Amino acid sequence: MSGTGYWLADKRRGQEARWIKRFAATHWTVNFPRPMMASVVTTAPDAVRVDAVFYGSGDLAGLIWDAVDGWSHPLLAYETRRDFRDCTLSFRWRSGGVRRLDETHGPTLTIEGRDADGAPRAWYVRLWNYASGGPEDAVIRLDFAALTGGFDLPEDDDPVWAGDVDRMFISLVPPGYDEGDTPFAAAVEGWAELSEIACEGAGSVLAIGDVMLPEHGLSMATGYDDCFNQTPERVVGAIHALGYRGAINHYVGMSHYFRLERLGDGLYVSLSGGVLNAACAAWHRDFAVRAKALGFDVIWSLSYELFDAHCWNDWKQRAEDGAPALTGWVPPSTLLSPAHAGAMAYLQQVADAFVSMGLEAGLPILFQVGEPWWWVMPGDGRICLYDDAARAALGGAVVSIPSVWGDLDAGQCALLDAAGALLTASTAALCASVKAVAPGAVTHLLAYLPTILDPRAPEAKRANMPVGWAAPAFDILQLEDYDWVTEGRPGLTAKGVAAATARLGYPIAEQHYLAGFVLLPEQAAQWGLIAKAAQAAMARGTAQTFIWALPQVCRDGFTCFRQDGEDDVEAFDDIVFPIAMGSQASVSPAFSTQIVESPSGHERRSADWADARLSFDAGPGVRSETDIAALIAFFRARRGAARGFRFTDPYDDRSGAPGVAPGPIDQRLGVGDGVTTAFQLMRHYGAGDEAQGRIITRPVPGSIRVAADGVERIEGWSHAGLGVIAFDTAPGAGVVLTAGYRFDVPVRFAEDRLDINRATFAAGEAPSVMLVEIRE
């Protein structure tokens, strides 16, 4: 566990475990190639159902059991056991709309692993060869010690060696499957159910994590595009076990929920036959029920983002040259135009479909409009508000904005204001549609601050944080800024939250914050920054703080503990010890040096501390019974030595000479490299290479001055906390940074006992009030 309340777990280290049977219903997964869709849900403790939607003759879905649990959090994962020879799997098979058990290309168990000699290979076990019953309703029994692959037995006999397996999966294909790429004229829906799943034998049980972390004050964000392959029971159970509570902020996604219709060689989102595809609808109905059963609410999050390959061309936002708005995902998504009536009507029906499932489950309806914006091209600042629908809505002859970066003229600003009004109208219509289905719905707006408040584009907020969103347009304002967080720029977070609060008027108690996320496993160190950002959000009174997102939490083993400070060893009250008493204190700086003396009198000295640790006796400042009363009250409020506080050193409290006001070039701060944005305040004693550096963590608010190459910087930086100066943009390579400030020393009472005797005090003896410096 770190000082910021989290731990990256790589495996269980003595935590609770239990046993499950191999092939437990909750831990099957699915996978498939685009554009088809599939999902898996548990229908009983020993049963799963797969729903699939096929669009071509080569579509194939796999119902998967992995030997290695690559989806669970390490504290919840089942053990890896690749040898399946000591177990037998049996289940009842039922299906419809897919190739039957007795047909060519019917359901087949593919086993991937290595043979007895260690050579990689796969076996293909036709389930019909082990079935009792009919081709769509049969009991299947698979003894992995005596299993044979091949289509016709014994002619195609291929004995399976199941002693070193990576994974196995049951294939599901449409009735028209031919391993080719012939498109179907219309989507084909199919399903299969495995019930009465049982595993027997000496190898039939696996150890699995049974951790139940205490509530820590944070909530979880998920996305269907990232966890569609798992059962909802497994997803919601993991969130609960990892200590998250409140509402689950669930992004319904941009690439897996829709129905598709064929036009020429393309497939495009469609309302034909319904709003959501069958696989998505089955998954989310179960998800809503599972969430309610464990006491979670669900915030249904729908964005203006859609998988580009399936988006109608006239729905897309476009730059002035006609280029579509494309995100950086591979393959890319695009952004729907707020001005296009068809696109917006489609979003409204999607929202209504998800909200209706929430109502069916008995959940209170919480709905989020997720990151609605006019896309800004990341390479050059072109804003995508020039699609035909937007041009028409904005008056036809639209002013040119080559880039929103930099200063804009009055006409360009007016265009952005008009675009903001269009965006406002579209989000209002979306929320109104939801409230028509669920009149008591609580509406949320999610705004991504690094784009909306990009310092390079000071006017972009006219379009992407329009004043029409001001309270009470929504019930809750949700903010996220994970780029700033993972880049270590907390100063921009503080400024962004303040700017959004000032512009839209939602008090902190009506705000949510989404911290995260970590894109790649090699970036796992960023969880420390995310934990700090989450703590800061809770400290400023944010109503709910979310970690984004569950798949990355599980991948990296992010394990959160209490975030409210109650269990924080370094508890600190940001309050100054009474000045009048502190001004008469005595101070004792101390180092720790190991000295070894040889018989000849020579010494070897080793300094254990890079900086002195201070101790103070504040007793001489206690001059009256009023002072004693104030001291006792202060001592009790700090719970003795339990909580730290600020102390003003009467001999050393500023960056420059005693009694002289701080100047911006008093102390070295660092040298820019064009990348680093955060620099620690330091106080140097001595000169040159012999100077001793002291980290300053408690500068006096309002006293800090900063300069770059000797020129004071009034803007473009902020104090991010603990003496860290955060620049909005990284200072250029070679730029010399300096700072001046006043500062306090973080201290605590040296003991949990305070001895004061009225008689000796009256006789002129000062009490001893020892304080010791805290390392931060």
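Biologist: Before we start, how are residues numbered, and which parts of the model count?

Modeller: Residues are numbered from 1 along each chain as its sequence is written, and side-chain values use heavy atoms, with hydrogens and water left out. As the model is predicted, local features need pLDDT of at least 70 and side-chain atom pairs count only at pLDDT 80 or more, while totals for chains, interfaces and linings use all residues.

Biologist: Into which domains is the protein divided?

Modeller: There is domain 1 (17–209), domain 2 (219–562) and domain 3 (593–748); such bounds come from an automatic or database domain assignment. The centres of domain 1 and domain 2, taken over C-alpha atoms, are separated by 36 Å.

Biologist: How do you know that domain 1 and domain 2 are in contact?

Modeller: Contact means heavy atoms within 4.5 Å. By that rule, 29 residues of domain 1 are in contact with 32 residues of domain 2.

Biologist: What does UniProt say about residues 20–209?

Modeller: An unreviewed UniProt entry gives them the feature "domain: Non-contractile tail sheath N-terminal". UniProt positions follow the numbering used here, feature names are shortened, and annotations may be inferred rather than shown by experiment. In the model, residues 20–209 are 0% helix and 52% strand. Helices (H or I, at least four residues) and strands (E, at least two) are DSSP runs, numbered from the N terminus.

Biologist: Why is strand 14 called largely enclosed?

Modeller: Buried means under 20% relative accessible area, exposed over 50%, and partly exposed in between (1.4 Å probe, protein chains only). Six of the eight residues of strand 14 (residues 165–172) are buried, so the rest of the structure largely encloses this strand.

Biologist: What makes strand 6 and strand 14 a pair?

Modeller: Two strands pair if DSSP finds at least two bridges between them. Strand 6 (residues 61–66) has six bridges to strand 14, and the two run antiparallel; Asp 66 has Arg 167 as its bridge partner. Strand 8 (residues 108–114) also runs antiparallel to strand 14, joined by five bridges, with Ile 111 opposite Met 168.

Biologist: What makes a set of residues a nonpolar core?

Modeller: Its members are buried Ala, Val, Leu, Ile, Met, Phe, Trp, Tyr and Cys residues joined through side-chain atoms within 4.5 Å. The largest one has 194 residues, of which Phe 144, Tyr 257 and Ile 547 touch the most other members. Helix 4 (residues 341–360) supplies the largest share of this core, ten residues. Apart from this core lies another, of 17 residues, including Phe 616 and Val 747.

Biologist: How do you know that the length of helix 11 agrees with its number of residues?

Modeller: The expected span of a helix is 1.5 Å times one less than its number of residues. The 13 residues of helix 11 (residues 527–539) should therefore span 18 Å, and the end C-alpha atoms are 18 Å apart, which agrees. Among its buried residues are Trp 527, Ile 530 and Ala 534, and what covers the buried residues includes strand 28 (544–548) and helix 12 (550–556).

Biologist: Why is Thr 545 called buried?

Modeller: Thr 545 has 1% relative accessibility, so this residue counts as buried. Thr 545 sits in strand 28. Beyond four places in sequence, its contacts include Leu 218, Tyr 513 and Ala 534.
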